[in-house]
Amino acid sequence: LNAIVGWVHVLSTTPVNEQIMSRAVASIGRNAKAQTRVIEDLVDVSRIVAGKLNIQFEPLDLRSVVADAVEATRPAAEAKEITLTVMAPEVECLVNGDRDRLQQVVWNLLSNAIKFTPAGGAVTLRLTAENGACELSVTDTGVGIEPSFLAHAFDRFRQGDGSITREHSGLGLGLAIVKELTELHGGVVAASS
C-alpha cells in the first residue's frame with residue numbers, strides 16, 4: 001500500500017516522463033495485486049475460522065484444476081527464469097470438490113514455491129492417481145524449511161526465517177489456507193525439506 005500511495009504522490013506532484021510513468025504504473029499494478037491477495041487471504045481465513053466458507057462440491061478432474069493454476073502462476077516463474085515442470089497422469093484424476101478452492105490450493109503451493117526459489121531454479125508439480133486416490137506434490141530448488149519449523153509450516157500467521165519472509169513479504173496465511181481447504185475436502189497435507 002505504501003508503494004501505491006508513494007507513486008500516486010509522485011505522479012500528482014511531479015512532472016514525469018514516459019519512463020517514470022511506466023515504472024509507476026507497473027509498481028502500482030504489482031502492489032495492488034499483492035494487496036488484493038492479502039485481503040482475500042484474510043477474508044478466507046475469517047470465513048474458515050467462522051465456519052462460513054462456502055464449498056460447492058462437484059465431480060471434477062483434478063488435472064484441469066492443476067492446468068488452470070499452472071497457467072496463472074507461469075508468468076511469475078518466467079519472470080524469475082524458473083523452470084516450471086508439470087507431470088500429470090494420462091488417466092483422469094477424479095475428485096469431488098470445489099474447483100475454485102482446489103485451484104486456490106494449487107495456486108498457493110506453486111506461488112510459495114516460486115517465491116522462495118531463486119532465479120534460474122526449478123519448481124516441479126506432480127499429480128498422481130492411484131487406487132482411487134489423487135496425490136499432488138510440489139517440489140522446488142528453493143532455500144528449504146528449517147526442520148524445527150516444519151511442524152508449524154501450516155499454522156496461521158507463522159513464517160519461517162524472519163529475514164527471508166521480510167525479503168519475500170507475506171502474512172503467513174497461504175499454507176494455512178492450503179491446509180484448511182485440503183482438510184475441508186477430506187484430504188491431508190504435509191511438508192518436508
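Reader: Where does Glu146 lie, and why is Glu146 called exposed?

Author: In this model, which is predicted, Glu146 sits in the loop that runs between S5 and helix H5 (162-168). Its relative accessibility is 56%, and the word exposed is kept for values over 50%, so Glu146 counts as exposed.

Reader: How far apart are Glu146 and Ser193 in sequence and in space?

Author: In sequence 47 residues separate Glu146 from Ser193, while in space their C-alpha atoms are 7.5 Å apart.

Reader: Why is Thr117 called buried, and what is Thr117 in contact with?

Author: Thr117 is found in the loop between H4 and S4. Buried requires a relative accessible area under 20%, and Thr117 has 1%, so Thr117 counts as buried. If its neighbours within four places in sequence are set aside, its contacts include Lys80, Ile82, Val123 and Asp140.

Reader: What makes Thr124 count as buried?

Author: The place of Thr124 is in strand S4, and its relative accessibility is 15%. That value falls under the 20% limit, so Thr124 is counted as buried. With neighbours within four places in sequence left aside, Thr124 is in contact with Thr85, Met87, Ser137, Val138 and Thr139. Over the protein as a whole, buried residues make up 28% of the 193 residues.

Reader: How do you know that S4 and S5 are paired, and in which sense, parallel or antiparallel?

Author: Two strands are said to pair if at least two bridges are found between them, and S4 and S5 have 8 bridges, in the antiparallel sense, so they are a pair. One example is Val123, which stands opposite Asp140 in S5. In the hairpin of these two strands, which has 2 residues between the strands, Asn131 takes a positive phi near 50°.

Reader: In which sense do S2 and S4 pair, and over how many bridges?

Author: S2 and S4 pair in the parallel sense over 5 bridges, and because at least two are required, they too qualify as a pair. Val86 stands opposite Leu125 in S4, and the bridge partner of Leu125 in S5 is Val138.

Reader: What is the order of the strands in the open sheet, and why are S2 and S5 said to stand at the edges?

Author: The open sheet has 3 strands in the order S2-S4-S5, with mixed pairing. Strand S2 (83-87) and strand S5 (133-140) each have a single partner strand, so one side of each is left without a neighbour in the sheet, and that is what places them at the edges. From one strand to the next, the twist averages 10°.

Reader: Which strands does H3 lie across, and which strands does H4 touch?

Author: H3 lies across S2, S4 and S5, and runs at about 175° to S2. H4 packs on the sheet as well, touching S2, S4 and S5, and its direction makes about 20° with that of S5.

Reader: How do you know that the span of H4 is close to what is expected?

Author: H4 has 17 residues and reaches 24 Å from its first C-alpha to its last, which is close to the 24 Å expected at 1.5 Å a residue. At the start of H4, a side-chain oxygen of Asp98 comes to within 3.1 Å of the backbone nitrogen of Asp100. Several residues of H4 are buried, among them Leu102, Val106 and Leu110.

Reader: What makes a group of residues a nonpolar core, and which members of the largest one touch the most others?

Author: The members must be buried, belong to a set of residue types that includes Val and Leu, and be joined through side-chain atoms within 4.5 Å. The largest nonpolar core has 18 residues, of which Leu62, Val65, Val66, Leu84, Val106, Leu110 and Val123 touch the most other members. Helix H3 (62-79), helix H4 (99-115) and strand S4 (122-130) each supply at least two residues, and H3 gives the most, with 6 residues. A second, separate core has 14 residues, including Phe149, Ala153, Leu175 and Ile177.

Note on methods. Residues are numbered from 1 along each chain as its sequence is written. This is a predicted model: local features need pLDDT of at least 70, side-chain atom pairs count only at pLDDT 80 or more; totals for chains, interfaces and linings use all residues. Side-chain values use heavy atoms; hydrogens and water are left out. Buried means under 20% relative accessible area, exposed over 50%, partly exposed in between (1.4 Å probe, protein chains only). Helices (H or I, at least four residues) and strands (E, at least two) are DSSP runs, numbered from the N terminus. Axes are lines fitted to C-alpha atoms, for helices over the stretch in contact, and angles run from 0 to 180 degrees between N-to-C directions. Contact means heavy atoms within 4.5 Å. The expected span of a helix is 1.5 Å times one less than its number of residues. A polar contact is a pair of N or O atoms within 3.5 Å; within protein, one must be able to donate a hydrogen and the other to accept it, and residues adjacent in sequence count only if both atoms are side-chain atoms.
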